[in-house]
Amino acid sequence: MAHKVITGYYIYKRMALAKHVAIFGAGIAGLSAAHELVRRGYRVSVYESEAEAGGFFRSARNLQSGNLPTEYSWHGMGPWYHNLFAVLRQIPFDDTGSVYDKALSRPIAFGIFPDDGKAEFFDHGLRSIPKMFRFSHWEWLKWSWLMFKTWGANVRTQEKYSRQNAAAQWKPMLSEQGYRTWRACFGPWVGSDWTKVSLHHAGQFFRKQLISKPPHAHLADDQGPAWSHGAKDGWLLFRGPSSEFWFGRWIKDLMERGVSFYWNERLERFRFNGTTITAGLLGSGTIVDADLYILAVNPFAAAEILARTPELEKQEELRLFKLLVAEGPHVQVSFRIGFAEPIKFPRARTAVVVADSEFNLTLFAEDQVWKSDVDLGREIKALWTGTSCVATVPGRLFNLPVSKCSKEQFLAEVEAQILSCESLNALIKEANGGRSLADFKIARIEVWHEWIFSPEGIRGPQPKWVTTTNTQPYLPSQITPVPNLFLAGAHTKTEVDVWSIEGAVESGRRAARAIDPTVEVISQYKPWWLRAISSVDDVCYKVGAPHVLDLAMVVLLLGAALTIVKLLI
């Protein structure tokens, strides 16, 4: 505790003198920190190893493929993205409103699409769950009990559930069909490979999605009257490519406020005198001299940077990076399918989880949500974006996982797995006069341009990190023992406690608040009754007892049994 007080005092004392902040990384976390600090009078410089901002959220246009707009990965914004929405409200979209007001879609409708049977949506609230995931009522009860236990835990979920694979924990409770269908949602929704995602991660994600406050109000637009986005509502997308509708406008606003950007400038290492950072050394040979430094690059890059200065790498918080990245990167490959004619859906903004896909595919028709004046590419009338979320499960055509496919094999697998989805085909027929998906000509199909396929495996220039069953103990704080070095990124400790866009924004705001305490960080909502259950379970966990909910159930069952015995006597 004394160390934290001293560190805090040191930071605040330096604030009066230190005004130049160097931020390494122009992803969401780094830009969020810059966003807060430049508004408070700091001189901010941002150094980015790539030629553009956005990290894993960015988009691009492929001129060689007819100007087709592409997205690095699948992404959406949930009703619990409070810090993100607060930032979007402050970024001008144009003269008539902010990015929040003008660039966000209405909620998408996620559906579970099996190869056989009917697509099911969240149309009737929690009552929809058994049909969506093909559960029996008894399965639903057992599924709900484990889910509720993750919500009603605190230390137990941080220390125990975070090391247990979510799919494996639910598997004994479900039929094979229910198990496969349930785990299929992890990639599209939780954003992680079901073979690695933890019970803690899955539980915390769905708690926030189903129990969130406050709701977010939205203005009327060309799609209808004013509306509200709150708990249990679908996710939002941008109404155009993310770099064009968010990052381009964000960079413009930050530059107008005085932020300096340096592109294609990779941080190689820090110069460290044993107490503070004295400079950042770039690959180009440039020496960055600032008062305060924020390391907001992906954790794989951060681990390499720190390793070049062993004295720095040994510091508390910073030494966590080696263990944080030990499992290697997550392979989540996005693709686009462009059709030569429009394709309708029977409901607006339909998002597809291809439930029986080996690659855990998710799909969305961008033209359903993008504004009509967005260019879909030459001769493209309908544009679907998709992502494969599992890299280690063999496909149905070549018996190879994504990590071992050639580009041609990957695209052939994607097409085969989509065309085999009869529930998707049924909706396409319903909305298009009986024409099946195979009747629509594919004009162009492609993978995000940075992925490199080779016999040695797939790789990309920016390795992607997600939380797994082996990472929770190693999440570093934004504040380090080095008084002028701070961390930001969804891989750092946040209250959202889920690897996400919201986690990235919150981390950037927390790093900025460590420098300037006037920066606001919005807390996640957890109702009092769940907090109370979690507090009691902390005591149970400390003494080695079962979960408080399990104990309560045993007491109730014993009470019921005693009552029955008394009645019989």
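Is Cys405 buried or exposed? I found Cys405 buried, at a relative accessible area of 1%; buried means under 20%, exposed over 50% and partly exposed in between, with a 1.4 Å probe and protein chains only.

I note that this is a predicted model, where local features need pLDDT of at least 70, side-chain atom pairs count only at pLDDT 80 or more, and totals for chains, interfaces and linings use all residues. Residues are numbered from 1 along each chain as its sequence is written, and side-chain values use heavy atoms, leaving out hydrogens and water.

Disulfides. I searched the whole structure for disulfides (cysteine sulfur pairs within 2.5 Å) and got zero. The sulfur of Cys405 has its closest cysteine sulfur in Cys389, 15 Å away, too far for a bond. For Cys421 the closest cysteine sulfur is also in Cys389, at 15 Å, too far for a bond. Cys421 is buried, with 1% relative accessibility.

I traced an open, mixed sheet of seven strands, ordered 8-7-17-18-19-16-20. Strands are DSSP E runs of at least two residues and helices are H or I runs of at least four, numbered from the N terminus; two strands pair if DSSP finds at least two bridges between them. Strand 8 (120-121) and strand 20 (442-447) are the edges, each pairing on one side only. Strand 16 (333-339) runs antiparallel to strand 20, joined by five bridges. Phe339 stands opposite Ile442 of strand 20.

Helix. I checked what is buried in helix 6 (137-151) and listed residues including Trp143, Leu146 and Trp151.

Technical notes:
The expected span of a helix is 1.5 Å times one less than its number of residues.
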